[in-house]
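This report looks at the pockets, salt bridges and cavities of one model, and at a helix that takes part in them. Please read it alongside the coordinates.

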Amino acid sequence: MLAADYLRDPFVRARIRQYLDTGAQGPSTCAWLHVRDATPEAVFRRVPVHELDQALASGAEIERPLWDEDNLLVHVDLEHVHFDRPDTTWQAPQACFEAQRPALKALKSVLGQHGIRPLHLLSGRGHHLVWKLRRDSLVMKALQALGGRAGIRPTVPLPPPVPASLAEAFRGLGMVMEFLGHEVLRRCREVEGPPLRLTAVEIDPGPGGREIISLDLSEYADPLQIRSIRVPFGPYLKPQRLAWSRGQEGPAQQDLVAVPLAGLDEETGLALMRDPARAARLARRARTRIPEQTAGMQRLLHHYQGSFLARFHAWYDSGAAVAPARLPRLPGCVEGLLSPQARLLCPAGLQLVTRTLLTLGWPPRHIAQLTAARVALLTGTSRHPPLFDPTLRADFYVRLFAGLVLGGTDGLADQTCLAYQRMGYCVRSDCRGRLDDLARSLRQRREGGWPAL
């Protein structure tokens, strides 16, 4: 746990309050806090903002929800992910952050092109860029219309209920964030090193194992009320939690905090993140207020509206295409996922199902409906309340992966039986796998032009 004098530091607490849009005693527009205690079994719980001091005193992890009384927070998370060695980023931070630089440069370039200047935070695995939109703005109304046109509603009641207009705006925001991701992917097409993905999706192991850079959009797959982002200068306990999950007491490096990067180079930021005493001194002069960037988002939305991805999203939402009457014969790995298996909840599982059914003539919206029904069967077997909504999760991931395929950004290089064998998805030795043939067929269909697009 971080030293008590750091957690009591008045400047550290002032910077966290500034991030929450509150004064020392004044009201906050932040709806609540998500707090997770510094114990192995703790999960995030919702607490009032006025309990911030108690949470800090306990050494808990603290996050701010994306839901705000006056705004909607927009967040992009860029991070290094190693599926085989999850602690790599903390053990070799310089190399892992260096691998993220091309994607970070591209991301900031696209945002800067549209006049969006976010608050930039450095955290244990990567970068967090955050800004906010006024809920009474015209861009929010446009996002609401975009996200609401399909009539997709959550199927699992999670408290507190989100106003329909806000939930629709959040779904529309997810579509625009997909467009942002496509733009970054295009700019990084020739970059060497770990591949860039738009979520933490497993890949065919390379020389360094299953290692990626993730421009993580996964928060837009979930209900708004459960998604939150880390506060600057607060405790960062992921290394300890990984150690606890392995039955260890904890890693050698335990004192990590998130820091704002404005005015700092990355090397200095990495050092401050691992030195709470220096981070506390930074808190005396740093600024952590989340900037309002409504005008820039209007420009990004306008750019999105003229794109292929916007046309694809409109077709997806229309539901006009007709699905085949029954499921075709599927490769064993896909059949197993839809049986359903728990790995259907993983992005790589949803990607495999989406790619395969696209090839076999299924419209993406119908793939999402099928997948949501199978995911719902999995949540029904759990003894714990679900932390996601099957309909929203399937809608987002199928739309995301189908858009990458049809837009040509996904080259389908790892849609092979060998790749999925190495990832552990192959479940039948008698399958006489067809993933390679299906991938070739999908490339040919794409080159010939997709119907209605």
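## The second largest pocket

The second largest pocket holds about 640 Å³ of space, where a pocket is, on a 1 Å grid over the protein atoms alone, an open set of points where a 1.4 Å probe fits, with protein on both sides within 12 Å along at least five of seven lines, and its lining residues have an atom within 4 Å of a point. Grid points are joined across faces, edges and corners, and a volume is the space filled by probe spheres set on the points. Of the 28 residues in the lining, Leu185, Pro195, Leu196, Arg197 and Thr409 are the closest to the centre of the second largest pocket. Two or more lining residues come from each of helix H5 (93-113), strand S7 (196-197), helix H14 (347-359) and helix H16 (390-406); helices (H or I, at least four residues) and strands (E, at least two) are DSSP runs, numbered from the N terminus.

By class, this lining has 17 nonpolar, five polar and six charged residues, with Ala, Val, Leu, Ile, Met, Phe, Trp, Tyr, Cys and Pro counted as nonpolar, Asp, Glu, Lys and Arg as charged, and the others, Gly among them, as polar.

## Basis of the values

The model is predicted, and local features need pLDDT of at least 70, side-chain atom pairs count only at pLDDT 80 or more, while totals for chains, interfaces and linings use all residues. Residues are numbered from 1 along each chain as its sequence is written, and side-chain values use heavy atoms, with hydrogens and water left out.

## Salt bridges

The structure holds 30 salt bridges, each a side-chain nitrogen of Lys or Arg within 4 Å of a carboxyl oxygen of Asp or Glu. In one of them, the side chains of Arg149 and Asp317 meet at 2.8 Å, N to O. Arg149 lies in the loop between helix H6 (138-148) and helix H7 (164-187) and Asp317 in helix H12 (residues 308-318), so this pair ties together parts that are 168 residues apart in sequence. Arg149 counts as partly exposed at 39% relative accessibility, whereas Asp317, at 5%, counts as buried; buried means under 20% relative accessible area, exposed over 50%, and partly exposed in between (1.4 Å probe, protein chains only).

Within helix H16, Arg399 forms a salt bridge with Asp395, the closest N and O atoms being 3.2 Å apart, and the two residues, four apart in H16, are separated by about one helical turn. Both Arg399 and Asp395 are buried. Salt bridges that share partners join Arg149, Arg171, Glu178, Asp317, Asp395 and Arg399 into one network.

## Helix H14

The 13 residues of H14 should span 18 Å at 1.5 Å a residue, and its end C-alpha atoms are 18 Å apart, which agrees; the expected span is 1.5 Å times one less than the number of residues. H14 is mostly covered, with 13 of its 13 residues buried. Just after H14, Gly361 takes a positive phi of about 95°.

## Cavities

A cavity is a set of grid points where the probe fits but cannot get out, and the count comes to two cavities of 30 Å³ or more. The largest cavity has a volume of about 40 Å³, and its lining consists of Trp315, Tyr316, Gly319, Ala320, Ala321, Pro363, Pro364, Arg365 and His366. H12 and helix H15 (364-379) each supply at least two residues of this lining, the largest share, three residues, coming from H15. The lining of the largest cavity divides into six nonpolar, two polar and one charged residues.
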